[in-house]
Structure formats: structure tokens, C-alpha cells
Amino acid sequence: MAPQTRRMTFPNVVIERDTDSERSSSDEEEEEEEEDHEEEEEKVVDNKNEERMEESLEAKKKGKTPITISLKKVCKVCKKVGHEAGFKGATYIDCPMKPCFLCKMPGHTTMACPHRVATEHGVIPAPRRNTRNPLEYVFERQFRPRVLRIKPAFVIPDEVTCAVIRYHSRRITCLEFHPTNNNLLLSGDKKGQVGVWDFGKVHEKMVYRNIHSCIVNNMRFNPTNDDSVYAASSDGTISCTDLETGISLSLMNLNPDGWQGRSNWRMLYGMDINSEKGLVLVADNFGFLYLVDTRSNNKIGEAILIHKKGSKVVGLHCNPVQPELLLSCGNDHFARIWDLRRMETGSSLYDLAHKRVVNSAYFSPLSGSKILTTSQDNRLRIWDSIFGDLDSPSREIVHSHDFNRHLTPFKAEWDPKDPSESLAVIGRYISENYNGAALHPIDFIDISTGQLVAEVMDPNITTITPVNKLHPRDDVLASGSSRSLFIWRPKEKSELVEQKVERKIVICDRAEKKRSRKHGNKSDDSDDDKFTSKGKKLKSNKPEWKLTRCSGKVKR
């Protein structure tokens, strides 16, 4: 049977707010007294601010800088005094001046939001459309038979079988499975390094550190050569790396003169490969698309403006059935469909509007008829047919992935093995209370109904997991959480494997970490350093991982 959604297993949480930020509704006299009291407080604060300004001016004249220390509670959301907002453990305290953090609607708090556990409450059903489009008729006859009409049972990888802790020196930004070797996983990080890990042997791993000097945003394997991989980086270059030798070739450099200021520095984000035409398609942070020929390894033609000038194009995806169709998304709040046979500025076939930044947009993996987008407004949007009415999405699913700190953007991705094209995986930002521990699960969502099929978590993983990739052939999920990699398998299968081989979790202790502490370098992934200490303190029925340590040096 398919995994069922966990309903109301969360404990009842009461959110206590400061009395200064709440108004009493019992008597009108009390309201008037509170308003008068607030006016007096504002006058006192104004007088204090004037005194501080005078003192600072006098101190500047004397050549001294004053030091002021404020012990008042300041809200990080609205920047006002008198209340606090944000996470306290697994509890999110809302700002009274803002709507619900999850669904962005006023009238309730985040803890009481109806979309918090049962995501199907946020589904907007698709209207019944009868377009009688001839293209849709051809599609139904030729492509739709590939998709099964009877939905099979979902197989969910829900148990960590192996991992590499602190594998990268910075947070992981992208993952890619090898097209032929089932146990080979590639990972890119914020520092520009590319890691190759054979999770079948666990200890077989290496890190290439001389490929890029900045964030690796996307990776794709060469369709004609399994040993080479293309990567697009924020340093403005496209690299083609031989995995056996580690030799990297730069195909295009958008910053040949080096740093010329922030307004001129070009970074590459979205990337995909059109195997039929032998093209590598990449897009930058100014809204332009570039074409590179894989046979000559040279740039073709001029850059094409496909999104608003000056906005990032963070995602590109070619249709798996009709490679001439290109799907792009960016920071201009749009996802656009293009025809590669007539690529011109402003010649998009459709413009799919969103309310905020679009993190990702993908065609469905088998038929290529559906579209799944992830937007920063905590919404997953689905279009059931690219030949139908694309003015509005077929469904909108509320999901927590709007982050406000340094993280890799959340992206909902299809399960490439699902014949019904209805299962998607995405990490969750808002933490949940599991036996007293604040954990961030990975959600499996049925996009046809909006139902939360399963949420997988491990009591030892206390960091957020924004990067997730499902294996194209095996029932395996790869996750990147901070600097660590995790491999998930279904519990039934992993129990059979454990009878022969114990689960292996490798912790990489590098001398690089000690050197960075000496020089005072700080990473934005400090949460991962608390991994083992938090994991030991948790009280859970699940067995703890059996940890083994690898050597300090990483193979090259």
C-alpha cells in the first residue's frame, strides 16, 4: 500500500505573545488607557532618541564614537520594538504585523495554519477545460499512452543507509547521478568544488578543487560521453571535466578581464543540454541565454535576452519529448516557454506568471506535457497540459520553502521513475517537533491531488535539506544538507542490505577546518558542525548511526 499522510500527530502548541503587542478587547476604557500609555512611551522614546543624537554629535566633535546597548526586544521581521518573531526550537512565533509565514494569508498563525501538515488544503482544483485544440488531440494519441492511467503504489526511500559527513568545505548546491553507473553521485558546492562519490563502496570518493572559483550552480553529463560532465558556475564559466583524470576544459568565460565591479560581473545559473542539436544552453544573471556547441566547444551566435534585463535566469529545461521546447524561469516572477527554432527576444510561446521569484521549472520526465514550478511565495504550481490553457495553473499547492537566510534555493523535482508523473520531492523549511527535536523533513507530494504522501527524516539530521535528487533507475534518494551527503533507501530494502553489510556513515575530518579556524575564516554552514553533538543528545526509538572516520586527506 502507498504511504499515508501523517495527520494530527503534532502536539498542541500555544504561542505566547508579549502583552505590549496585543490589544485588549474587553472594555473601551482599557483601550483608551493603552493608547494613552503608548503615546507617552513614544514621546519618551523620541526624547531619548533626541538625547542620543545630541550625545553622538558631541562625541563626534570630540573625536569619540559612542557605544549604545539596547536590551529591548526587536522584531527581526518588521524591525519594531516590543515583540519578537522567528523560530524558537521547533516553534515559529509570528510577527503580529505580518500574515501567516506559510500561506501568506492573514487571520491565523503559522502553527495553526491549515496547510501545515495536510498540504491538500492548499490545492486549487483545475477547471474543466474543453479547448478542442488539434495539438492536444495529437498529443493524446501519440504521447499520453506512455503514462499509465492506473496510478501505481509509490515507493518512498525513508531510511538513511550511508552518508558522508562534512564532505565539502562549503554548502552543497547541486547533485547529479551518473547516467550509467548506478552508485556514482556528483555534487557541487559553494566554493566551486566538484565531488565524486561512489556510495556503493562509501569510502570511494574524491573532490576536484581546481574546476571553478565560485558556486557550482548546475551540472549535466555529456550525452555522448559518460566520463565528462558540464558545469555552470557563478564565476561566469562553463567547464567540461573528465572524471577519470580530473582535467577541466573551459568552454566559455563571460568575465575574461576579471573583476570589473558588481554591475559588470556575469554569473551563470540555469543550464541544460539539447542532445539532438548538440548544444549546451546556459543563462546568466542579466537575463541572457547563451548557446555552446558540444562538438567544437565554442559559443554560437550572440546572447539572447529571454527574461527581464538585469534579472537572474535560474533554471533551464528542455522538453524530453520535443527538445525544441525550452522552459526557463527567473527572478522576474515568470516561467517562459520557448521554441529553440526561432529564439528571439520577446518571442516566447507562453509566459507563466508567478507572484514571486521562481526557483525552478521542469517539464514532466516521461511525456513532457506537464510543468512543475517552485516559487518563493511558498507555492508549487502545476500545469497539466502544455497544449491547454496556460493562463492559470491547474493547481497550486502550499508548501514551506520560503527561506530568509543563506541556503541553497528549494526546488521541487519529479520522480523520473514514476509512470504516472504525479510524485515530486522537495525539502521543507519550517521545522517540526519530533520527540522534542526540531527537524526539517523531506516531503514527497502527490501533485495530482496535493496530498502529502510521505515525510522522511532522521533524528541525526538536524540541518535543513534543500538539495534533493531522486535516482533515475533505483529507489534511491540523494540529499545534500549543508556540507554533508546522505543516501536514502526504502526501509524494507535497506533491512535486507543490513543483514549483509552494516550501514556506513563516514565523517571527513580535514586539516582544512583547523587552518580556517586559525585564520579566522567563518563559513555560512556552521549548523553542520553541531551534527554529531545534537544527534547523540536526541532521544528516539531509532538506532543511531554507526560512524566510521576516514583519513584526513581526500583523494584527488
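Me: What is the strand order of the open sheet of 4 strands, and in which sense do its strands pair?

Reply: The order is β24-β25-β28-β29, and the pairing is antiparallel. A strand here is a DSSP run of E with at least two residues, a helix is a run of H or I with at least four residues, and both are numbered from the N terminus. This is a predicted model, in which local features need pLDDT of at least 70 and side-chain atom pairs count only at pLDDT 80 or more, while totals for chains, interfaces and linings use all residues. Residues are numbered from 1 along each chain as its sequence is written, and side-chain values use heavy atoms, leaving out hydrogens and water.

Me: Why do β24 and β29 stand at the edges of that sheet?

Reply: β24 (413–414) and β29 (451–456) each have a single partner strand, so one side of each is left without a neighbour in the sheet.

Me: How do you know that β25 and β28 pair?

Reply: Two strands pair if DSSP finds at least two bridges between them. β25 and β28 (residues 442–446) have 5 bridges, so they meet that rule, in the antiparallel sense. Along this pairing, Val-425 stands opposite Phe-444 in β28.

Me: What makes β10 largely enclosed?

Reply: Buried means under 20% relative accessible area, exposed means over 50%, and partly exposed lies in between (1.4 Å probe, protein chains only). In β10 (residues 237–242), 5 of the 6 residues are buried, so the rest of the structure largely encloses this strand.

Me: Which strands pair with β10, and over how many bridges?

Reply: β9 (residues 225–233) pairs with β10 in the antiparallel sense over 5 bridges, and Val-229 has Thr-241 of β10 as its bridge partner. β11 (residues 248–253) also runs antiparallel to β10, joined by 5 bridges, with Leu-249 of β11 as the bridge partner of Cys-240. Both pairs form hairpins. The hairpin of β9 and β10 has 3 residues between its strands, and Gly-236 in the turn has a positive phi of about 85 degrees. The hairpin of β10 and β11 has 5 residues between its strands, and Gly-246 takes a positive phi near 80 degrees.

Me: Why is the contact between Arg-220 and Asp-272 called a salt bridge?

Reply: A salt bridge needs a side-chain nitrogen of Lys or Arg within 4 Å of a carboxyl oxygen of Asp or Glu. The closest N and O atoms of Arg-220 and Asp-272 are 3.4 Å apart, so the pair qualifies. Arg-220 sits in β8 (residues 216–222) and Asp-272 in β12 (residues 268–274), so this bridge links distant parts of the chain, 52 residues apart. Arg-220 counts as buried at 15% relative accessibility, and Asp-272 is buried at 8%.

Me: What makes a set of residues a nonpolar core, and which residues have the most contacts inside the largest one?

Reply: The set consists of buried Ala, Val, Leu, Ile, Met, Phe, Trp, Tyr and Cys residues joined through side-chain atoms within 4.5 Å. The largest core has 25 residues, and Leu-372, Leu-380, Phe-410, Tyr-429 and Ile-447 have the most contacts inside it. β22 (379–383), β23 (395–398) and β25 (423–427) each give two or more residues to this core. A second, separate core has 19 residues, including Leu-423, Ile-442, Phe-444 and Ala-454.

Me: How many helices and strands does the chain have, and what share of its residues counts as buried?

Reply: The chain has 5 helices and 34 strands, and 51% of its 556 residues are buried.
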